Amino acid sequence: MSQFENTSIVLNSHPDGAATLENFRVETDTVGELHPGEFLVENKWLSIDLYTRARLNKSTGYISSIKLGEVIQGETIGEIVASRNPLFSVGDRVFSFSGWQKYYVGDAQNFTVHRLPPTALSPTIFLSVVGTPGRSAYFGLNKIAKPKPGETLVVSAASGSVGSVVGQLGKLAGCRVVGLAGSDEKCRYAVEELGFDACLNYKTADLKRDLRAACPQGIDIYFENVGGRISLFVAKLLNEGARVPICGNAANYNLGTEVDAASPAAFFSSLPDAPVNRFFLVTEWFKDYLESDTFLLNAAEKGQLKYRETIADGLENAPQAFIDLLNGKHLGKQLIRM
């Protein structure tokens with residue numbers, strides 16, 4: 001086993017405001033001998049995700065923080081290159097929550113590691129449309145929003161890995177779908193490729209005027225990924241009986257040492273005619289992953305769910321890709337090709 005030298009990226013310091021390259025550090029070590037029941041994964045693809053930002057702080061209001069010196073957490077797609085576990089064979093392609101590192105030693109107790117189902121699509125789809133982003137969209141809509149044909153659905157971060165799936169699922173459910181994104185290019189992508197009915201560049205649009213024009217019948221569902229000032233304009237257009245699944249609070253991830261991603265719920269709950277709303281974690285429906293994955297993979301294979309990927313090469317470029325993601329310099333799913 002000594003021929004396997006692992007490279008990992010660990011937390012060097014907690015960010016003070018916006019994350020910087022100095023918050024990360026590259027480390028190398030040698031993978032030791034496998035014990036009975038263990039297997040070794042060589043990661044090929046790494047998912048870069050917004051939710052990781054909150055975990056870099058000293059404390060958060062809803063998830064555990066990464067400690068100094070610990071490997072940055074993240075989802076990966078890899079291949080088994082050595083195994084002393086009868087359930088996993090060399091050559092198996094697997095998903096794991098192994099973090100920002102080249103190699104990962106797993107064992108039978110780790111329920112997050114599983115083989116990828118067969119598909120002609122790229123395995124990266126299991127980090128996007130058929131992974132956590134797709135599941136977040138699927139469960140947020142189906143378990144909380146419960147869309148009905150003819151309703152108006154507004155999606156923030158519409159071109160991102162979650163928002164892009166939300167919008168497409170909304171269209172499949174018969175909704176009018178309006179997106180909010182941070183550039184004209186992203187808005188064109190949402191409308192021309194993903195099939196949104198409209199998309200507004202929140203950086204340049206007159207949201208008070210333009211959102212009302214895009215939602216003449218008001219808003220029945222608002223899928224919240226961002227928080228911040230956008231919520232104020234959406235709130236004025238919410239219909240009676242509106243639902244607001246809260247998936248994230250990206251606008252506030254860089255603001256302080258503690259981030260509560262559920263804070264938009266406090267805002268929406270404080271409204272005079274408060275909509276049904278709640279913050280959720282996709283793991284609430286872990287037992288239903290087979291249901292969501294089967295649906296999402298089938299829809300993707302049929303071309304009903306389209307997606308884009310922004311790819312950076314090399315694990316050493318993960319910190320910069322992460323910072324770029326926080327600044328909106330991506331389209332679709334941000335990935336690292338190891």
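This briefing covers cysteines, aromatic ring pairs and charges over rings. The model is predicted: local features need pLDDT of at least 70, side-chain atom pairs count only at pLDDT 80 or more, and totals for chains, interfaces and linings use all residues. Residues are numbered from 1 along each chain as its sequence is written, and side-chain values use heavy atoms, with hydrogens and water left out. The structure holds zero disulfides and 14 aromatic pairs.

**Cysteines**

- A disulfide is a covalent bond between the sulfur atoms of two cysteines. The cut-off is a pair of cysteine sulfur atoms within 2.5 Å.
- Cys 215 counts as buried, at 2% relative accessibility. Buried means under 20% relative accessible area, exposed over 50%, and partly exposed in between (1.4 Å probe, protein chains only).
- For Cys 247, the closest cysteine sulfur is also in Cys 199. The distance is 17 Å, so it is too far for a bond.
- Cys 247 is partly exposed, with a relative accessible area of 21%.

**Aromatic pairs**

- A ring pair is described by the distance of the centres and the angle of the planes. Rings of Phe, Tyr and Trp (its six-membered ring) pair if their centres lie within 6.5 Å; planes under 30 degrees apart count as stacked, over 60 as edge-to-face and the rest as tilted.
- Phe 39 and Phe 88 form a tilted pair, 4.3 Å centre to centre with 35° between the planes.
- This pair links distant parts of the chain, 49 residues apart. Phe 39 sits in strand S3 (residues 38-47), and Phe 88 in the loop between strand S5 (76-83) and strand S6 (93-96). Helices (H or I, at least four residues) and strands (E, at least two) are DSSP runs, numbered from the N terminus.
- Phe 39 is buried at 0% relative accessible area, and Phe 88 is buried at 11%.
- Phe 139 and Tyr 289 have ring centres 6.3 Å apart and planes at 25°, so the pair is stacked.
- Phe 139 in helix H2 (residues 132-145) and Tyr 289 in helix H8 (residues 289-301) are 150 residues apart. Both residues are buried.
- Ring pairs join Tyr 138, Phe 139, Phe 223, Phe 280, Trp 285, Phe 286, Tyr 289 and Phe 295 into a cluster.

**Charges over rings**

- A charge sits over a ring if NZ of Lys or CZ of Arg is within 6 Å of the ring centre and within 35 degrees of the ring normal.
- Arg 115 lies over the face of Phe 88, at 5.3 Å from the ring centre.
- Arg 135 lies over the face of Tyr 289, at 4.3 Å from the ring centre.
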